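Hi,

Here's the structure I promised to pass on.

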Amino acid sequence: MTTPPTTQSPALPGGTWTLGDLTVGRLGYGAMQLAGPGVLGPPADEDAARAVLREAVALGVTHVDTAEAYGPHVTNRLVREALHPYPEGLHVVTKVGAERDAAGGWPVARRPAQLRRQVEQNLESLGLDVLDVVNLRMGDATGPRPGSLAEPFGALVDLQREGLVRHVGLSNVTAEQVAEARGIAPVVCVQNMYNLAVRHDDALVDALARDGVAYVPFFPLGGFSPLQSAELTAVAQRVGASPMAVALAWLLQRSPNILLIPGTRSVAHLRENVAAAHLTLSEQDVADLDAIVR
C-alpha cells in the first residue's frame, strides 16, 4: 500500500481562508463521489478512489469534505485509508443531521442522541480525537426548509463544548436559519447549493463575506446535471480552458469567502479542477458568465 504523504505542496493559487483558527486553501476536495452510484456502497475501484485522495493532497489541497452518511460508512473509510496519519495542515470537514436508508433516502437524524452518535461515528471512522469542522445539515433532499434549528444546533454546540468538535457550520439552510444559529454560537461556514446557474444565495454570500464567514457551494459544477450553457462554452473556448474549469474559476473570483470542494473519481479530472485555481477571468468573461442567470 502506498504510504500517505506527510508533507504538502505549496499552497494552491486562489489563496486561503480561515475557518475559526484553521487555515485552508480555497480550492478543496469533496469526497462524496467516491462512494458508489447514488452515494451508496463502495466504488467499483477503491484503489483508484484512494489514489484521487492522495493526489489531491499532493497537489496542495488542505480541505477535504466528507460524511459518514456517504456510502454510508464508505468515504470516511477511504479518507482514513488513503491519508491517515493526516498531513500537518490538512483539515477534514464532515457533516451530521441525516442518515441513509435501504432505499437510498436521506432520513432526518437531528435529535441530540442521533447527532452525538453521528459525531462519534465520524471520529471513529476517520481516526480522529476531535473533528475540525462539523456542518449541521438541515432541510431535505429538495433543498432548505424554513423552521427553527435551535435544538439540533444547540446539541451540536454542546458536543463542541465537550471537545469532540472544534468548529461548527451549517448546510442546506435558509438565511434566517444562518442568523438564528449565529445568535447561538459562532458559525465558521455555510454549505449550500450554489453555482453559475443557481444564484439564489447571492445576498447571503455577500453578507457572510462581510462577516468573515466561509461559503462553501455544493454542486459547484451542477451536481447530477452538469452545467451547460452557450455562454459558458463561449468563454471556455476564448480562454482555452474546459467549461468546468471556467465555472470553478468564476466561483473563486465571485467572492473571497467562497471555498470550493468539487468532487471526482478521476485523477485526471481532479487535476483539471485544480487547474481552475490558476485561471483568471477578465471582466468581460465574468460579465458574459453572469448573463447566464439574467
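I call a residue buried when its relative accessible area is under 20%, exposed when over 50%, and partly exposed in between (1.4 Å probe, protein chains only). On that basis, 54% of the 294 residues in the chain are buried.

Some housekeeping: this is a predicted model, so local features need pLDDT of at least 70 and side-chain atom pairs count only at pLDDT 80 or more, while totals for chains, interfaces and linings use all residues. Residues are numbered from 1 along each chain as its sequence is written, and side-chain values use heavy atoms, leaving out hydrogens and water.

Overall picture: the chain has 10 helices and 9 strands (DSSP runs numbered from the N terminus: H or I with at least four residues for helices, E with at least two for strands). Of the contacts (heavy atoms within 4.5 Å) with a separation of 6 or more, 74% are between residues 24 or more positions apart. The C-alpha atoms fill a box of roughly 55 × 45 × 40 Å along the principal axes.

Now for helix H6, residues 202-211: its buried residues are Leu204, Val205 and Leu208. They sit on the same side of H6 because they cover an arc of only 100° around the axis, going by the directions from the helix axis to the C-beta atoms. These buried residues pack against helix H5 (175-182), strand E8 (189-193), strand E9 (214-218) and helix H8 (243-254). Turned away from that buried side is a face with the exposed residues Ala203 and Arg210. Just after H6, Gly212 has a positive phi of about 75°.

Cheers
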